[in-house]
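Hi everyone, thanks for coming. Let me put the sequence and the model up, and then we'll walk through a few parts together.

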Amino acid sequence: MTLPPGPKPKLPGANLLALRRDTLGFLRGLALEYGDLVHFQVGKQDYFLINDPEAIRSVLVTDYRNFAKGRGLEIAKRLLGEGLLTSEGEHHKRQRRLAQPAFHRQRIAAYGSIMVERAQRIGAEWQDGVTLDISQEMMRLTLGIVARTLFDTDLEAETEEIGAAVSEAVHHLDFAMLPFSSLLERLNPAIKRSFQRTRDRLDETVYRMIREHRDGKDRGDLLSMLLLAQDDLGDGGGMTDEQLRDEAMTIFLAGHETTANALTWTWYLLSQHHEVERKFHAELDSVLAGRSPTEADVANLPYTRMVLAESMRRYPPAWVIGRRAVADYRIGEFTLPAGSICMICQYVTHHDPRWYPRPFDFDPERWTPEAQEQRPKFAYYPFGSGPRVCIGEGFAWMEGILLLATLAQQWRLSLLPGHPVAMQPIVTLRPRHGMKMTLERRAASDFNDSQSRLDLATAAK
Ligand code: HEM
């Protein structure tokens, strides 16, 4: 069987080392050197990096039945059990059908006011001149929003503890990806015990939310929906507490980590690109004219959406999608053997110079409708695609736009001079050292300037 081109190092373990040392640089380098389909091995496992937009479509959409989720999500089951992200086949289909109504357009629209109110609350706590770790602030904000919108719960008092547990869990899952991790765990049982403690901490919150929802009342949130849906299934077998726990834990984690990272990177990028920041502020000031944004404004803030889209291109919060071929699979002249792992890497595709000239420049103008038409659809897929596409995509866009708009109406954020900024691609693409930024209250004159520009523009029409 002829395999696609790729690195064939003489030293065993060299690919693993290169991957661990600089994951994103290594993968991008492979695509640049070998092309759209690259083969490499880690241990005895075959990996294929797929970067051709049509092949990406085939794996995620057209031929999705030929693939199961990759090793990363197998490992994530330690924490997420058989929730939406990790389950497969009929079980996944049924759970997705049950959860879907909570993500319908109208339902999401109703969450808009909670998103704005939460952002205003955090904005009111911030103080002029103070330096904060914005990644923690964004985690706190998005965690609170998921808890309130989807679980009708307030986690204000526990956010710090939960944030620390989530961070620990994510690092553990990253460690578990190493080929020798099970051996290391056997040699050092403390590793497993510490993960168990983290899982117990998160379970405590999730099981409490489930208990509080067992009163049979419909609170209009996702958890009520899942509980009530049990009775509608007609098969007599509702979800067990454990199944509910897995679903709730999945949404709880998937629903805040990614969005918080997207926002953190956006604040960073804005702080480095003053012209973009100025245009962004001008849009907010002219569309909102000082009032609070609402769900209805989302469609009227196209530049804010372009900023967020470009930020998720530069720093895709979900940076890779893994799939395992369940049977031999043909791509062009090559056959990928059953059992091999396909890596579809948002970071690599989103920095492909064929679709994004000067790929490391931050340029929201790439997202005008005309510019988008010039690119293949699968040159951008921050939320994946096909039957396993992110269920929270609409939620995340609305949340991202509303939170950016609400906070930037009042605050400007600048990177603390000397703060090191580096990517840490573990489960999500996090800033390795957090993101220390200094708050500056936007002067009323900023708003007035933009307002008078708008008045002038309107008068000129
Ligand atoms: C910027 C924010 C987000 C990004 C970039 C993102 C990205 C993704 C991606 C790439 C997948 C597909 C994984 C795969 O195919 O293997 C996914 C799945 C998923 N996401 Fe998101 N997500 C975001 C926000 C959210 C939110 C807000 C929620 C819930 C409130 C959510 C819940 C889920 C769930 C449950 C799945 C599994 C869906 C399934 O397999 O049926 N995500 N997400």
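Helices (H or I, at least four residues) and strands (E, at least two) are DSSP runs, numbered from the N terminus. What you see is a predicted model, where local features need pLDDT of at least 70, side-chain atom pairs count only at pLDDT 80 or more, and totals for chains, interfaces and linings use all residues. Residues are numbered from 1 along each chain as its sequence is written.

Let's start with the open sheet: its 5 strands come in the order S1-S2-S8-S5-S3, with mixed pairing. Strand S1 (37-42) and strand S3 (67-69) are at the edges with a single partner strand each, so one side of each has no neighbour in the sheet.

How do S1 and S2 run relative to each other, parallel or antiparallel? They are antiparallel, with 6 bridges joining S1 to strand S2 (residues 45-50). In that pair, Val 38 sits opposite Leu 49 in S2.

Now to another pairing, around strand S12 (residues 436-441). Strand S4 (residues 131-133) runs antiparallel to S12, joined by 3 bridges, and Asp 133 faces Lys 436 in S12. Strand S9 (residues 411-415) is also antiparallel to S12, with 5 bridges; here Ser 414 is opposite Thr 438.

Last, the ligand. Helix H12 (241-254), helix H13 (257-272) and helix H18 (393-410) each give at least two residues to the shell around the ligand.

Terms used:
Two strands pair if DSSP finds at least two bridges between them.
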